[in-house]
Amino acid sequence: MTHMKPLKPRNKDNRPIDDYHVEAQIGHLLRRAHQRASAIFQSYMGHEQITPTQFATLTKLRDEGELSQNHLGRLTAMDPATIQGVTRRLIDRGLVQIRPDLTDRRRMLLSLTEAGLSLTEDLIPYGFNITDDTLAPLSQEEQEQFLELLRKIS
């Protein structure tokens with residue numbers, strides 16, 4: 001494993017280090033928000049033993065139809081190793097099927113099985129609930145602004 005030389009810290013306005021409080025920093029706040037969203041996701045989806053990455057994969061296959069694993073990974077923001085593991089588990093559960101691409105024999109195409117489509121359509125309403133419950137502490141205007149800001153930094 002190669003190690004990159006750390007970037008030199010920038011402190012443009014010469015803030016004193018005693019002003020740094022981890023609970024006010026972006027990484028900490030995003031992790032806390034992610035913990036909240038994950039707990040809410042689990043409360044709705046835990047009975048189906050579906051993870052957020054699996055749900056994203058299922059819904060994207062429902063939206064787009066047949067896709068290569070590489071393209072599916074890009075659409076769901078997963079690196080190749082992660083999407084490979086996610087799709088393998090979904091194939092093992094009979095929710096996703098795989099077939100060779102007739103135009104490029106090196107590539108495999110993924111699609112939902114009938115069971116995968118049925119489960120995905122059953123779970124999508126919970127997806128709305130998860131978002132609503134996660135954002136519940138915010139007003140409607142704040143929710144829209146928050147989501148727009150997240151899109152801007154992601």
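Modeller: We may begin with the handedness of a crossing. In this predicted model, helix α2 passes helix α5 in a left-handed crossing. On the α2 side the contact is made by Phe-55, Leu-58, Thr-59 and Arg-62, and on the α5 side by Leu-117, Thr-120, Glu-121, Leu-123, Ile-124 and Gly-127. By class, these residues of the contact of α2 with α5 are five nonpolar, three polar and two charged.

Biologist: At what angle do the axes of α2 and α5 cross?

Modeller: Two packed helices are described by the angle between their axes and by the distance between the axes. The axes of α2, residues 52-64, and α5, residues 114-135, cross at roughly 110 degrees and come within 10 Å. Angles of 65 to 115 degrees count as roughly perpendicular, and α2 and α5 are therefore roughly perpendicular to each other.

Biologist: How is the packing of α2 and α4 to be read, and which residues meet there?

Modeller: The axes of α2 and α4 are 10 Å apart, and the helices pack at an angle of about 75 degrees. That angle makes α2 roughly perpendicular to α4. Thr-53, Gln-54, Thr-57 and Leu-58 of α2 meet Ile-83, Val-86, Thr-87, Arg-89 and Leu-90 of α4. The residues of this contact divide into four nonpolar, four polar and one charged.

Biologist: What are the angle and the handedness for α1 and α5?

Modeller: Helices α1 and α5 pack at about 145 degrees, with their axes 9 Å apart, and their crossing is right-handed. From α1 the contact draws on Arg-36, Ala-37, Ile-40, Phe-41, Tyr-44 and Met-45; from α5 it draws on Leu-123, Tyr-126, Gly-127, Asn-129, Ile-130, Asp-133 and Thr-134. The classes here are eight nonpolar, three polar and two charged.

Biologist: Which residues have the most contacts inside the largest nonpolar core?

Modeller: A nonpolar core is a set of buried nonpolar residues joined through side-chain atoms. The largest one here has 20 residues, and those with the most contacts inside it are Ile-50, Leu-58, Leu-61 and Val-96. At least two residues of this core come from each of α1 (26-45), α2, α4 (80-92), β3 (108-112) and α5. Leu-58 is in contact with Ile-50, Leu-90, Leu-95, Val-96, Leu-112 and Thr-120, when neighbours within four places in sequence are left aside.

Biologist: Is Leu-110 buried or exposed?

Modeller: A residue under 20% relative accessible area is called buried. Leu-110 has 0% relative accessibility and therefore counts as buried. Leu-110 lies in strand β3. Apart from residues up to four places away in sequence, Leu-110 touches several others, including Leu-61, Leu-67, Leu-72, Thr-87, Ile-91, Val-96 and Ile-98. The C-alpha atoms of Leu-110 and Leu-147, 37 residues apart along the chain, are separated by 30 Å.

Biologist: Where does Gln-49 lie, and is Gln-49 buried or exposed?

Modeller: Gln-49 lies in the loop between α1 and α2. Gln-49 is not a glycine, yet has a positive phi of about 55 degrees. With a relative accessible area of 59%, Gln-49 is exposed.

Definitions and conventions. Residues numbered from 1 in each chain as written. Predicted model: local features only at pLDDT ≥ 70, side-chain atom pairs only at ≥ 80, totals over all residues. Heavy atoms only, no water. Axes fitted to C-alpha atoms, helices over the stretch in contact; angles between N-to-C directions. Helix = DSSP H or I, 4+ residues; strand = E, 2+ residues; numbered from the N terminus. Parallel < 35°, antiparallel > 145°, perpendicular 65-115°, else oblique. Left-handed = near helix turned anticlockwise from the far one by under 90°. Contact = heavy atoms within 4.5 Å. Nonpolar A, V, L, I, M, F, W, Y, C, P; charged D, E, K, R; others polar. Core = buried A, V, L, I, M, F, W, Y, C linked by side-chain atoms within 4.5 Å. Buried < 20%, exposed > 50% of the residue type's maximum accessible area, 1.4 Å probe, protein only.
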